[in-house]
Amino acid sequence: MSYRIYNWLDISHHFNEAILIGNGASRSINDSFDYGSLKEHAIENGLLTENVRKLFAFFKTNDFELVLRLVWQANRVNDALDIKDKTTKVAYEHVRDSLIRAVQSIHPEYFEVEEQFPDIAEFLSSFRTVLSLNYDLTLYWVVMYANRIQNGHSFKDCMVHGEFSEDWRRFRRPIGHREQKNTLIFYPHGSLILARNILEQEVKLDARQGNDLLRSILNSWESEEFVPLFVSEGTSEQKVGTIQNSHYLYTVYRDVLPNIGSSLVIYGWGVWENDIHILKRLGSSRFARLNRIAVSVFNYDQSYCRRVAEMIATYIGRRIEVVFFDCKSKGCWNNPA
């Protein structure tokens, strides 16, 4: 079976409720995101010490955030009980520094990507909900740009004073006279902008740094007061385990994903087995209204179309209408209309 691949503008009027973006979206902004695994990238570039590799092996995971959090917690317990354990302290510092160097080596600077923000902001403003599986800062930078221009449309991450409000639906309501429409932003796998503090509270880090936000975030990790909140690697089962240990991630997973509306756009997401929990959750609610999905395609890849169509049918349902569109067509993501 051969699938028709549309231009985005030919189908866009059918899809205005939710969009789910994956690594391909970030890669289209800057090719520095063209890597398979943060851990493997760190190994290939000599950023992991042998002791850090042993920790990944011991915990049977490739997830930087999980290993860093576990060693950080052990280090904090030692400090609280006045236990002199230099080994744990050094292990924590090695994992933390390895993660910082890995993020620094792949993440572009603000000035390198900001010219694409107007097109991305215009595209995303047509949706009620944006779900990003990417942990990088590009989406957050787009949101900051879009909210500064004050054109009557607001992007909201449902955070109040840096903390997530579980009553996220109330943010759908416009605030004041200037806000005519809004789009809610969620990070099902977390983000660099999110962190846990020493009291295990989940917070959004201070975003007032603007162009220096990345450096500010890395500084907060170095302070030992925060660890990042994002899921970077692992099997689908491992990712669900991490999600269940986070109030923010689990609320998004439990409440937001099954309630996105009748239509969904998938842009830049490979739909691989290690993220299959996302598909399952999208179709999990017996009240779910989702009935049509548009999926971006790179280079008119028919094998990708067949694989994704079958996965959607298997994990969400065969009642779902699935259409495909060219990821480089006009008007979608960072492609000018």
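**Figure 1. Salt bridge between Arg 196 and Glu 200 in the predicted model.** The closest N and O atoms of Arg 196 and Glu 200 are 4.0 Å apart. Arg 196 is buried, with a relative accessible area of 2%, whereas Glu 200 is partly exposed at 38%.

**Figure 2. Salt bridge between Lys 204 and Asp 157.** Here the closest N and O atoms are separated by 2.8 Å. The pair links distant parts of the chain, 47 residues apart: Lys 204 belongs to strand 9 (residues 202-204), and Asp 157 to the loop between strand 4 (153-156) and strand 5 (159-160). Lys 204 has a relative accessible area of 22% and is partly exposed. Asp 157 has a value of 15%, under the 20% limit, and therefore counts as buried.

**Figure 3. Salt bridge between Glu 17 and Arg 289.** The N to O distance between these side chains is 3.9 Å. Glu 17 lies in the loop between helix 1 (8-11) and strand 2 (18-21), and Arg 289 in the loop between helix 13 (276-282) and strand 12; the two residues are 272 residues apart. Glu 17 is buried, at 12% relative accessible area. Arg 289 is exposed, at 52%.

**Figure 4. The largest pocket and its lining.** The volume of this pocket is about 1,100 Å³. Its lining has 36 residues, and the closest to the centre are Asn 23, Gly 24, Arg 27, Gly 268 and Gly 270. By class, the lining divides into 13 nonpolar, 15 polar and 8 charged residues. Helix 2 (23-29), strand 12 (292-297) and helix 14 (302-315) each contribute at least two residues to the lining. The largest share, 4 residues, is that of helix 2.

**Figure 5. Nonpolar surface patch of Val 77, Leu 81 and Ile 83.** Together the three residues have about 270 Å² of accessible area. Leu 81 sits in the loop between helix 5 (64-80) and helix 6 (86-106). With a relative accessible area of 58%, Leu 81 is exposed.

**Figure 6. Ala 337 and Leu 9.** Ala 337 is found in the segment after strand 13 (321-326).

How values were computed: Residues are numbered from 1 along each chain as its sequence is written. This is a predicted model: local features need pLDDT of at least 70, side-chain atom pairs count only at pLDDT 80 or more; totals for chains, interfaces and linings use all residues. Side-chain values use heavy atoms; hydrogens and water are left out. Patches are made of residues with over 30% relative accessible area and no salt bridge: like charges are joined within 9 Å, nonpolar side chains (Val, Leu, Ile, Met, Phe, Trp, Tyr) within 5 Å. Accessible areas come from the Shrake-Rupley method with a 1.4 Å probe; for residues, only the protein chains shown count as cover. Buried means under 20% relative accessible area, exposed over 50%, partly exposed in between (1.4 Å probe, protein chains only). On a 1 Å grid over the protein atoms alone, a cavity is a set of points where a 1.4 Å probe fits but cannot get out, and a pocket is an open set with protein on both sides within 12 Å along at least five of seven lines; lining residues have an atom within 4 Å of a point. Grid points are joined across faces, edges and corners, and a volume is the space filled by probe spheres set on the points. Ala, Val, Leu, Ile, Met, Phe, Trp, Tyr, Cys and Pro count as nonpolar, Asp, Glu, Lys and Arg as charged, and the others, Gly among them, as polar.
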